Structures are given as C-alpha cells and as structure tokens.
Amino acid sequence: ELCNNAMASYQALRRARLKDLRVAEQHVEASAWASFSPKEPQCLRVMQYNVLADAMSDDGFLVRPVLANWPVPEKCVPTAAGDQVEFRTLLAEMMEAKGNPQALEKCQQKYTCNASAENTNAVIDWEARKFQICCLIESFNPDIIVFAELDHYSEFLLCLRELGYESQLEQCKKEHPDYRPALLDSFSDKDPTASKAFSATWAARGYAFLPHLGSISLHTYMQRGLGRRILEAADPEFKERLTDPKKGCLQRNWYQALPPGKVVQLLQSAGVETPATLDDMGVAVFWKTSRLNALDLQVRPYPGGGKGILQLKLQDKQSDATFAILCTHLSSGDTFQDEDERLNREILCQGGLVAAVEEAKNAGDAVILCMDANSHPGIRTSGESSWKVLRQCLGASVWDDFFDAEGKPKKIESGFDPPVTSNKVRGPLSAQAKKIGAHAYYLIDHIFFDSSFFELEAHAFEPKQFRSPADALEEVQPSLL
C-alpha cells in the first residue's frame, strides 16, 4: 500500500509540475506510463537507464512541441521573425547546414525564440523528469535498477525507498545514515594512492553510487555562475590552484585541489546554503528489498580516475542464490579513436572492465554487466570493439536477437533498423552552433550476462526501432516520456 500511495503521489506531482510549466493536457496524458506485463516469479527484471544528467540536459537538444500555448500549429515551429515553418522543414535545413559553420549559425539565429526556449525547458525540467522516472519504475517493477549519468543521487535515494528499493548496504546504515557527496571531502582518484583511499572509504559508506570525480556535469553546472563566485570567495593561497590557467575560470577538478573540510566552507562563502545538494554525476544501483539482499560492495576506479566500476554482490531471497552485478559508464565519443580509448583505458587495461568480470567469474559468481558503453555494436577499430570483447567475456547480451557476436546486424524481415537507445539531435537552441544537426542514433546501453547462469526471457520494454534515421527524428529524445 505504501508503494501504491507513493506512485499516486508521484503521478500527481508530475501532473502539477507539468501544469505549472504550461504543458498541454493531451501531452501530459499521452506520456503517462501504463503498467508493463507482469513477470514470472523466477525471472529477474533488470532496468538499465541513462537519466540524462540535469546539469547537461540544457544542451540545445531538439524537442517536439508540448506547450498548451504553442504559438503555431503543432507540426510547425516558430521563427525569430515571428513566422512559422513545418517541423520537417527545420529538420531539412539543419541537415543541409551540417558541416557549414555559416549556414549553421544562420539556422541558429532563424529559430532562436522565447517560445522554443520555454518548450525545451518544459521537456527537460528536472522535477518533472524525476517524477516521471519514479512512475516508470513503479509501472515497470524492476528488481534491479542501474542508473547512468545520475547527478541527483540523494533525491532518488529518498524517492525510491518509498517505492520499496534500497541503495545502501544494511550493515553501513548505522555509521553512515546520511549520504554525503564525494566532492565535500575532496576525494580524488587521479593517482593509485588517492584512488585506493577513495575506493576503501567510499565502499565503507555502503552507498551503491560511484560518482565520476570531477565530472563534466558538475563542471557544466559551475560554469553558470557558481564557479565565478567560488573563485571570488577563495583565499589567495587557493585561488591560483583553483583557476584554469588557459580559460581563467574554475578548473574542472577544483575540489580535488583543496584540503579536506575546505570545500564546504568555500561553497558556503560562495552563497551555497546547503552544499550537500551539489554532486557529481555517476552510476547507481537500486534493488527491490522484497526480492534481494545486498551483501557486498566494491568500488573500482579506472586507472587515471574519473570513472570506474561499481560492483555489488546480491542475494535472491527466493532461491538464496548470489550473483554479482557490475555497472559502469564508459567514456563518450563516436570515432574510432574514441573506441580505442575505451578499449585501452577502460576495458582491456589492467584494473579494467574485463579484469573485473574475470575476477568475479573466477570467484564463482554469476555476473550481470549493465552499462552505458557510449559504443554501438557495429563500431570497429583494429578488429576489436567494446561489444565484441564484452560479449565474448560474458557470453550473452540482451541484444543477441539483433546483432551477432561480431556486432553485425542480423537480418530483420520487418524492414526496421536494429534497435537504438539514443536518438538525440542538437537543435537550433544549442550553444554549440557547429553541432546543430548532429544525430546520435545508436544502440549504446547494454546488459551483458553470464550465459552459464542466465538466459534472456524477454524485453519487458519493447526495443525501440525505426525504419530509418529520418523517421527517428519524429520521436527525438529528450521527451516527456
């Protein structure tokens, strides 16, 4: 009953928030989640979800109109001059301008207007998205939730406990009852000594969240004014080490340059009343307490730091069987060089992902690997790929119906492209004019599993497929769903 009441509350909160944002009622209704099909009792339902960090959501992504007061017909967009054009015309102009800086800047000037900005803000609004994710979880009813790019962990810790989930080891709650962001303690993982100290201290707190220390999301947030205020408030002895020597702004790893205890003092001096509301983005695991117990937690930063692997040992209350779940978020980029970086610095390196999986398997654990790989099955470098290496390491993927072991698409008679988990385009409101029209149309979110212990029963959420990238532009992310 507690969970049902929480669900009704989140639905009401989302509806009220979207009403405040002047979203049209039909779009509120159309984006409400229906209940997913129930699962068999012996099945384990796992949800891998990239939240889209709040601090990074306002990146000028193209979104569909949702406002009740949208000033033009719904299939059209307004222009800065007060005219209107069809949405497909905007798409065509964006695609035609790709690679031409002058044309892209002209496109940006043509379509930048208040109505479009208000519409984008309604779609990416954090409070509405948070409530929607909670509604999705209650409808989907997963046993395990793995979040990537989460920069409001403390908020979800409270919300999901109301829905019957946990994200802290029971044995750590007495000593560490309140979550404390890593930045407040000046943690670093840049060198082996600092990384070892961070891993041990962080794991001892028992929270199944691994922040990307010095994350791009926190850095992006700092550039909106707080970074300047921090530099203004900093003592002369710290100001130089906090300043980016090339850009003159607050450097990305600023808190790692301060002694323990100084970060809270500096943030308060800069006007932040509650420093614990600031956090890096990272990966997190939540488990349904009625089904699972968490027995152990390990933190494994990658060599050089910044990101890493979060590893949990879980026990199924139905069977007493134990298994390991590993989660990570690999470095971004869609070039061959970016894929090489992922392979050499995060997957195949000493202390990397393959080593962690092999260690868990050698200990006798069944393994599930959940990740935003920022890599699609078809990308190739020198004959290797993230998909090929990790699937070979574990034995199976939830995407095996669509791609072979080499990452080549299997023949699909339906006429649709293979599934995608990313379908985003930077639109005319992007501050980066040269990236307008760039279409991220990839399958990059993965769940690999040890085929000796597990088999795929079904996709509870129907894989998203389109007939072409052009068709996918009609349902771009982010959206109210």
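Let's start with His329, which counts as buried because its relative accessibility is 3% (buried means under 20% relative accessible area, exposed over 50%, partly exposed in between, with a 1.4 Å probe and protein chains only). This is a predicted model, where local features need pLDDT of at least 70, side-chain atom pairs count only at pLDDT 80 or more, and totals for chains, interfaces and linings use all residues. Residues are numbered from 1 along each chain as its sequence is written, and side-chain values use heavy atoms, leaving out hydrogens and water.

His329 sits in strand β10, residues 322–329 (strands, E, are DSSP runs of at least two residues and helices, H or I, of at least four, numbered from the N terminus). Setting aside neighbours within four places in sequence, the contacts of His329 include Glu149, His212, Lys307 and Asp372 (contact means heavy atoms within 4.5 Å).

Now, the aromatics. The structure holds 22 aromatic pairs (rings of Phe, Tyr and Trp, the latter by its six-membered ring, with centres within 6.5 Å; planes under 30 degrees apart are stacked, over 60 edge-to-face, the rest tilted). Tyr179 and Trp202 pair edge-to-face, 6.0 Å centre to centre with 85° between the planes. Tyr179 is buried at 12% relative accessible area, and Trp202 is buried at 2%. Tyr179 also pairs edge-to-face with Tyr207, at 5.4 Å and 80°. Tyr179 lies in the loop between β5 and α8 and Tyr207 in the loop between α8 and β6, so this pair ties together parts 28 residues apart in sequence. Ring pairs link these three residues into a cluster with others, among them Tyr49, Trp126 and Phe286.
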